[in-house]
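Me: Hey, I've got a protein open and I'm a bit lost. Can you walk me through it?
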Amino acid sequence: MSEQGTDAARRWTLRGAHTEYVVTVPAHGRWLELVAWGPHGVGNGPSPVAYDGPVPFLTAGDAAPIEYATDADRPFTGADLVVETMTGHRRVAFGFTEAAHDPAAGTLAVTFADPVTGLRAVLRYAVPAGADVVRRWVELTNTGNEPLRLARVGTGGFCVPTPHGALLSHQWGQWAQEFQLEHVDLKHGAFTIGSSQGVPGHLHVPWLAVRDGAEPDGPAWGVAVAWTGSWEITAERDTGGLTRIRAGRRLPDGPLELPARGTLTLPEVAGAYSTDGLDGLARVWHRYQRLLAGDRLVPRPVLYNSWEATYFAVDAKSQLELARIAADLGVETFVVDDGWFVGRNDDTAGLGDWTPDPAGFPDGFEAFIAEVRGLGLRFGLWVEPECVNPRSRLYAEHPDWVYQVDGRPLTPIRNQYLLDLGRPEVADFVHSTLDGLLRRYDIAYLKWDFNRPRTEPGRAGADGPLDLDGAHVTALHRIYDQLRRDHPDVLIESCAGGGARTDLAMAGRADIFWPSDNTAPMDRLAIQHGFLHANAPHLLSSWVTDAPGIFDPRPRSLAFRFVLAMAGVLGIGADIRHWTPQQRAEAAGWISRYKEIREVVTHGEVHLIGGPDQARCAVQYTSPDGRRVVVLAWHTGRSDGPGLLPSRPVRLPLRGLAPDARYRQGDQSYSGSHLSAVGLPVQWTPTHDADLIVLDRE
Ligand code: DGJ
């Protein structure tokens, strides 16, 4: 509470499975503010974020835990919304008008209006049943007679008490090095991550976690943005110890125009809370993403992807040779990657012309797929439908379909341009291309790639401010939704030159994410470690590739690579034509073991033990009924020399077990207490650098 106190009738509690989020409109009615966010009951006591003291050189709003702040509320510190009239005047000052709270449905809508501009904002909240995630979004309506310019359109701020400094965790990256988990000790000022690329991007993941500096293993608050375009998250800690995390869209192309009577819905941002540090926070996100997946949350098939084996040299002969071996190994879905369509002999041509290359498939694509299906495999296909090569029929016919600024040269990236999906005819083309492929061919899996960000902030022949990012993302989501509705049995993998398109909006649409092109074992370990902090295992696509690989020659065993790929959705990307009979037999063994544990990997509670830079490195999955515990563990040290001299085994402290229960692994039985307090022993040797351990409760 700040300023003149709170009216109990204007205080609302959103309850999650274990958490609550309490907000109020103070008596002055100018904004909605947070009272408390934490475990059930946290709102019964003085607010940890309210501030009633003096604010020299600031306004009360600059210190208040405001949920959705305009530049009138917070003139000196960061606002979520900045609006300009056509005459260039800034400031929107809201007043509370009404609220609708449905505790049973877990929803709240609080409406504010600005009498001067006529701007109205509905702040919407929803806490899905069974989750500890607060979903928030804002609907802006211009009820006035003049257009308004929106210079900043964040969706809101999450306020977190950090009296001893804010310990921030985020994930940075680049191509082939995504999801690098890093921690920042923020004493004062602001820390910003984001993307201006029209795609979530390789550089940062739209995810941030905050803990109080004095309690790194205690409460953790998380914020994620559900927007597949340009976005921003800023955490700003004030001198009074409040960290406010602003999240939402970024507008790299300049202000948006909100016409008179126009409405704009700002994307959803989500907040998560756990009492159990970053590891607990990961489980909160996992549970939420599993809810988003709904009835599509079933173990994914073991797949083979031919990209690293054949690159662009795709033809029926090579693919069938791979498919036959894959089928023998126990693979369930065979995915033909880039290179199957006309003109696609390398990355300089072909994108846009989505017709199978008759030279590669002389008996026809149907016949080829039928042969794959005849091996007992389902069939998957790679596409990159939003992009076009200048050397393609599509570009020759529709040069105006790509993003462009009149009179300026285009910027090719990977020799390709980006289609302007906000144009209805382009969205129709993309949808009908994919829908047509799925109707014509027996396809069960689509890998939807995206290998370049948007550079040109313009549309052929168009003037004035356009919301290109908003239109692209909206059309993209609509096409995903249509395909899921019309082809419910087709799984869709979201890929963007690796992991550049993984956000919460995609987690509710794609069935799987491709997190990185880098499958080198030690690099991949770090990538997956970061990924699993923000994303559930059913979204983690991972392939076993050849060693030495294209990224990392450090030797790790085939077992290591298999156990690593089992941490999510197991796939193979190696050129298995060159695998020895022994390697194939070992692979078949791992695949069959994966099929026994993937139910637990898909639905189990995840505990991330240690990490890639520690001697202990494992992921524990505990089945929802607590009866089965699967542990995947990797040796992170040197694979020769002193690191392997005889010593005591590494101990992996397991979590969430019943202390008095007994857990059996083969002949060995452990108590839950032993596994938690002392840990599960794993002994590494030069030939044993990874393990899959299954413990069953007796
Ligand atoms: C980038 C992806 O990340 C790769 O897996 C592969 O599909 C290539 N594109 C194909 O061009």
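Reply: Domain bounds come from an automatic or database domain assignment. Here that assignment gives domain 1 (8-294) and domain 2 (628-697). Residues are numbered from 1 along each chain as its sequence is written. The model is predicted, so local features need pLDDT of at least 70, side-chain atom pairs count only at pLDDT 80 or more, and totals for chains, interfaces and linings use all residues.

Me: What's the mean pLDDT of the protein?
Reply: The mean is 96, and 98% of the residues reach 70 or more. pLDDT is the predictor's confidence in each residue, from 0 to 100.

Me: Where is the pLDDT below 50?
Reply: Over residues 1-5. Where pLDDT is low, the predicted coordinates should not be read in detail.

Me: New topic: how many residues surround the ligand?
Reply: 13 do, each with a heavy atom within 4 Å of the ligand. The closest are Asp-337, Asp-338, Lys-447, Asp-449 and Asp-517.

Me: And what does Asp-517 do with its polar side-chain atom?
Reply: That atom lies 2.4 Å from an oxygen atom of the ligand. For Trp-382, a side-chain N or O atom is 3.1 Å from a ligand oxygen. Asn-451 has a polar side-chain atom 3.5 Å from a ligand nitrogen.

Me: Is helix α2 largely enclosed or exposed?
Reply: Largely enclosed by the rest of the structure, because 14 of its 17 residues are buried (under 20% relative accessible area, 1.4 Å probe, protein chains only).

Me: What comes just after α2?
Reply: Gly-294, with a positive phi of about 55°.

Key. Heavy atoms only, no water. Buried < 20%, exposed > 50% of the residue type's maximum accessible area, 1.4 Å probe, protein only. Helix = DSSP H or I, 4+ residues; strand = E, 2+ residues; numbered from the N terminus. Contact = heavy atoms within 4.5 Å. Polar contact = N/O pair within 3.5 Å; in protein donor to acceptor, adjacent residues only side chain to side chain.
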